[in-house]
Amino acid sequence: MTEVPLLKATVRFGTPMVIAMALGSLFNLVDLYIVGRMHDPATQIAAVTLGSLVNSIPMIIFNGIVNAVIALVARFHGLGNLRRANVAAGQGGLLTLLLSVLFGLPPYLYAEEICVALGATGDVIAPATESLEVVSAGTITMFLLMQITGAMRAVGNSVVPLVLMGGANLLNVILDVWFIFGGLGLEPMGVVGAAWATVVARGLFAAAGLFLLYRGFAGIRLRRWMIQVRTIWSLLKIGIPSCAQWLVRMVSYVYILMFVAKAAPLAGNGVTEAQAAFGVGLRLDTLALFSGFGWGAAAATLVGQNLGRGLVDRARRATWIALGLNMTMMLIFAGFYVLFADHLLAMMGFDAAAGTDAGQVMDIGRTYLYVTSSGFVFLAVAVVISQALAGAGATKFPLLIELVMYGAVGYPFVEWAAGHADEWGLRALWLAAVALHLAVAILYVLWFHFGPWAKKEIK
């Protein structure tokens, strides 16, 4: 990671991570495809959207702790200090156990209230609540898989994380079909079966990864289980701003979902149909966004290990290379979504000729994909540079950028756009989101070019 030519190192490390992240999002789309085969697909998909979006908030927030683990392990591994790298990985594991309870318990206890607050109505409430309860109770499996694969990536291995994450997602699809529709002695579980499939699949492969780290993996062995305040504090100093940054970003999607319920009647659309279209579109967005996390992961590891050896210029160049690769990939995603929008939506069970409700979902979803795809290249900038800064341990200014833009500016801006849905339709919400992504991308480029992030010390 510190000696191989940068383009080669970035491609070799980033490609397996792109595949792993893409598989995760692709299999989430398969979830929707399978659920879309059920009776009343708009209701079922709206229920899955509410439950999965709420559950994705702790996942995205916890990514901040994973970034902190990567920053410490990669920096110490780059220095050749395997003892400190081991301690960082072990203490990250302890934090994982604690945070899985803190993040998982509240949505489990208040699942119905949360779903109703986000706009669930009528027949959507019950399946959305059940799904959220199951995935919230299984938060530990999600966190463990993220932390384990993050530690592996930090020491420069991206193939085993690909096997673990890809295997979990493949098993998830198999269990989806079985749990949702039943068979082999199991009663059909419906939408909640998709939630159970996710929890079980993640749990089995997280256990496999934990076993590998316990035995020893590229110099990392999880044997130090006593709390070490110094390391925990270092993880929190890096991780908390990063957690808050991702929280702000996810909350922006949540308040957009809330404003969908407000804007849909103004635009002459049904709330359930609008939520279903947003859910399908968001899953497609996530496929592109999370695939880009692979290049961000490459940037984070390359920055961490090269800064550990004092190679600042190499760390900078690695980030720009990863960014160029991600922007290229995002442009391909955008073109594909625009060209095949109708086909993608039809795969989820919606067809303009299938009835009024399905046609309405198709119309809303098509507009969503056309508009939001134009912002993919801006998301590419934020994903790579924010993770590169996290790899350097510099997480405070990225938090400030996103807090101001997605919080202080974004919420009233999207609320204003929702209020004008009677004039511009739901596209007003999607255009507002793209404008915010553009502003955030500009700020990230300026900070990465002029900011003092490369001088950040990690102790």
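The crossing of helices H11 and H14 is right-handed, where a crossing is called right-handed if the near helix is turned clockwise from the far one by less than a right angle, and left-handed if anticlockwise. This is a predicted model, in which local features need pLDDT of at least 70 and side-chain atom pairs count only at pLDDT 80 or more, while totals for chains, interfaces and linings use all residues. Residues are numbered from 1 along each chain as its sequence is written, and side-chain values use heavy atoms, with hydrogens and water left out.

**H11 and H14**
- Helix H11 covers residues 312–339 and helix H14 covers residues 376–391, helices being DSSP runs of H or I with at least four residues, numbered from the N terminus.
- The two pack at an angle of about 150°, with their axes 8 Å apart; axes are lines fitted to C-alpha atoms over the stretch in contact, and angles run from 0 to 180 degrees between N-to-C directions.
- H11 and H14 are therefore roughly antiparallel, a term for angles over 145 degrees, whereas angles under 35 count as roughly parallel.
- Their contact (heavy atoms within 4.5 Å) involves residues including Trp-320, Met-327 and Phe-333 of H11 and Phe-376, Val-381 and Ile-385 of H14.
- By class, this contact of H11 with H14 has 17 nonpolar, two polar and no charged residues, where Ala, Val, Leu, Ile, Met, Phe, Trp, Tyr, Cys and Pro count as nonpolar, Asp, Glu, Lys and Arg as charged, and the others, Gly among them, as polar.

**H3 and H5**
- Helix H3 (residues 82–109) packs against helix H5 (residues 125–137) at an angle of about 160°, with their axes 8 Å apart, which makes H3 roughly antiparallel to H5.
- H3 passes H5 in a left-handed crossing, and the contact is made by Gly-104, Pro-107 and Tyr-108 of H3 together with Leu-132, Glu-133, Ser-136 and Ala-137 of H5.
- That contact of H3 with H5 has four nonpolar, two polar and one charged residues.

**H9 and H15**
- Helix H9 (residues 229–266) and helix H15 (residues 396–419) pack at an angle of about 5°, with their axes 9 Å apart, and they are therefore roughly parallel to each other.
- The contact of H9 with H15 has 15 nonpolar, five polar and five charged residues.

**The second largest cavity**
- What is the class make-up of the lining of the second largest cavity? By class, the lining has nine nonpolar, three polar and one charged residues.
- H17 gives the most to the lining of this second largest cavity, with four residues.

Methods:
Angles under 35 degrees count as roughly parallel, over 145 as roughly antiparallel, 65 to 115 as roughly perpendicular and the rest as oblique.
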